[in-house]
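User: I would like a close look at a single part of this model, with every cut-off stated as you go.

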Amino acid sequence: MYYPRTIENTLLRMSKEFACLVIYGPRQVGKSTVVSHLFSSFSQVTLDDIDDLTLALDNPKLFLDNYSWPLLIDEIQKAPKLLDEIKRRIDSQKKEWLFQGEPYRLMYVLTGSNQFELQQGISESLAGRAGILDMNSFTMAEKELRPGEPFIPDLALLQKKEAQLGKSYTRKEIFVQIFEGGMPERVQGLSTREDFYKSYVTTYMEKDVRKLIQTSSLNAFRTFLTLVALRTGQELHYDDLVNGCGVDARTIKQWISILSASGLILLLQPYLANANRRIIKAPKLYFMDTGLCAYLCGWPNAEMLENSSMAGAFFETFVVSEIVKNFQAANLDYRNALFYYRDIDQKEIDLLYVKEQTITPIEIKKGIRPLKPSKNFSVLSKYGMPIRTGFVIDATNRIRPINENVYAIPVGLVD
C-alpha cells in the first residue's frame, strides 16, 4: 500500500522550477518510494548496485550516457563525481532550451541518505541548479492518511484545524505513536519492531558510518548512539558524551555532525537576538524518529515508556519532530522560526516561534492541565518584541483557555 506524503506537493511544485531535485533524508524513510511514485516515467538507477556504482565512479560521462535523462538516481552520495557531469549536462541543456525558446524541464532527481558526504559537492556543483529538500519518517498525519501542514501557532487557525480534525488523542494513544515511530516499514508492519530497528542500526553503521570514522571506533559509536538517545529533549553538552564514550570532545562533535547530516537528530538553537550573557547557548538535541530513539534506549513497550522518567522528554521530542517534519515537507527552514529559551536562572520555555518580529511562546507537557505551564513566558519581555498568544501543547482533548494570554491545545493539532 502506498502512503501519500505531505512533501509530494512541494516536490511537484519545485519540479517546475528546477532542472534537478535533491532529496536528503535518513535511510528507509521512503525517499525512493515517493520520487518513483511521482516521477514514474523517469528512468531509475540505484548506486546500491555494484556494477552501476563502479561505472559511476570510473566514468561518470558514460554512466549518464547510458542512463539518459529524465533520471532518478538513488544513493547519490556514493558517487559524488557524478555531480560535475550532471552540472555540465544541465547547463548545456538549458542553453539549448533558451535558444529554442522552450521552458526548462526536470532532468534529474537525486536521493541521498548522508548529507555529510554530499553537502560540499552539491553547493559547489549544483548551486542555483537544484532544489534541495529534507525528508524524514512518517508524521502522525501521514500514518493516518490525512494531509499534514506546517504548524502555525495562531488561535483562529488552530480552532479551524480542530474542527476539521474532529477527534483528539489520549496520552496513551500518543505514547503508542511515540513508541512505534514513523519508519515506513514499521508503519506497514512488514517486520517486527526488534528485527527492524536492529537491522536498521546495523545497516546505518555499516553503510553510512564505517567510511566516516575509524573502524576501531564502531563499538564506541554504537555506545554513543545510545547515550545520545538517552539525552533526547535535553541540552547538548559534549563533556557528558565524552565521559560516557571514552573518546575526545573533537570526535564527539564530529559524530554529532554525522547524526545531524544523516537526518537522525536535529539541534534546536536557543533564541539569542538582543539577549544578554545570561542566556544558555547550548542547543537542545532531539531524535527525529521517536521509535528509533525508544529502541536505542531499550524501552520494551509503550506503557513502560509512558510511565518512565523519560516520558516528558519523549513527548517533547515527538512534538518538536512532528513540527520540524512538516516544515521540511513544505521546504521551510525550521531554523529561521523555531528556537527555545533557557537562562542561568533555570527559566525555560520549550519552544519559541519567531516570525515577523513577534514571539509566540509554547510549552510542551505530557499531562493535562499542568501546573502553571506559562509561568516563564514573562521573561521574553527583555527582547522588546510583541509577545503573541502563548500555547501549551498537552494531552487535552480540546482547545482550552488557561488564562487571557495562554491556551492549551491538543497534541494532534501539531500536524
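User: Leaving aside its neighbours within four places in sequence, which residues is Phe 224 in contact with?

Analyst: This is a predicted model, in which local features need pLDDT of at least 70 and side-chain atom pairs count only at pLDDT 80 or more, while totals for chains, interfaces and linings use all residues. Residues are numbered from 1 along each chain as its sequence is written, and side-chain values use heavy atoms, with hydrogens and water left out.

Once neighbours within four places in sequence are set aside, Phe 224 is in contact (heavy atoms within 4.5 Å) with Leu 241, Cys 245, Ile 252, Trp 255, Ile 256 and Leu 259.

Phe 221 and Phe 224 are both buried.

The structure holds 16 aromatic pairs, a pair being rings of Phe, Tyr or Trp (its six-membered ring) with centres within 6.5 Å, called stacked if the planes are under 30 degrees apart, edge-to-face if over 60 and tilted otherwise. One of them joins Phe 39 and Phe 42, whose ring centres are 5.3 Å apart with planes at 35°, so this pair is tilted. Phe 39 is buried at 6% relative accessibility, and Phe 42 counts as buried at 12%. The rings of Phe 221 and Phe 224 also form a tilted pair, because their centres are 5.3 Å apart and their planes stand at 45°. Ring pairs elsewhere link Phe 196, Tyr 197, Tyr 200 and Tyr 295 into a cluster.

Charged side chains also meet rings here, in the sense that NZ of Lys or CZ of Arg is within 6 Å of the ring centre and within 35 degrees of the ring normal. The charged end of Lys 253 sits 5.3 Å from the ring centre of Tyr 238, over the ring, and Arg 193 lies over the face of Phe 179, at 3.7 Å from that ring's centre.

Burial also marks a strand, β10 (residues 348–355): six of its eight residues are buried, so it is largely enclosed by the rest of the structure. β10 runs antiparallel to strand β11 (residues 358–364), to which five bridges join it, where pairing requires that DSSP finds at least two bridges between the strands. Leu 352 stands opposite Pro 361 in β11. Two residues separate β10 and β11 in a hairpin, and Glu 356 in the turn has a positive phi of about 50°.

Key
Buried < 20%, exposed > 50% of the residue type's maximum accessible area, 1.4 Å probe, protein only. Helix = DSSP H or I, 4+ residues; strand = E, 2+ residues; numbered from the N terminus.
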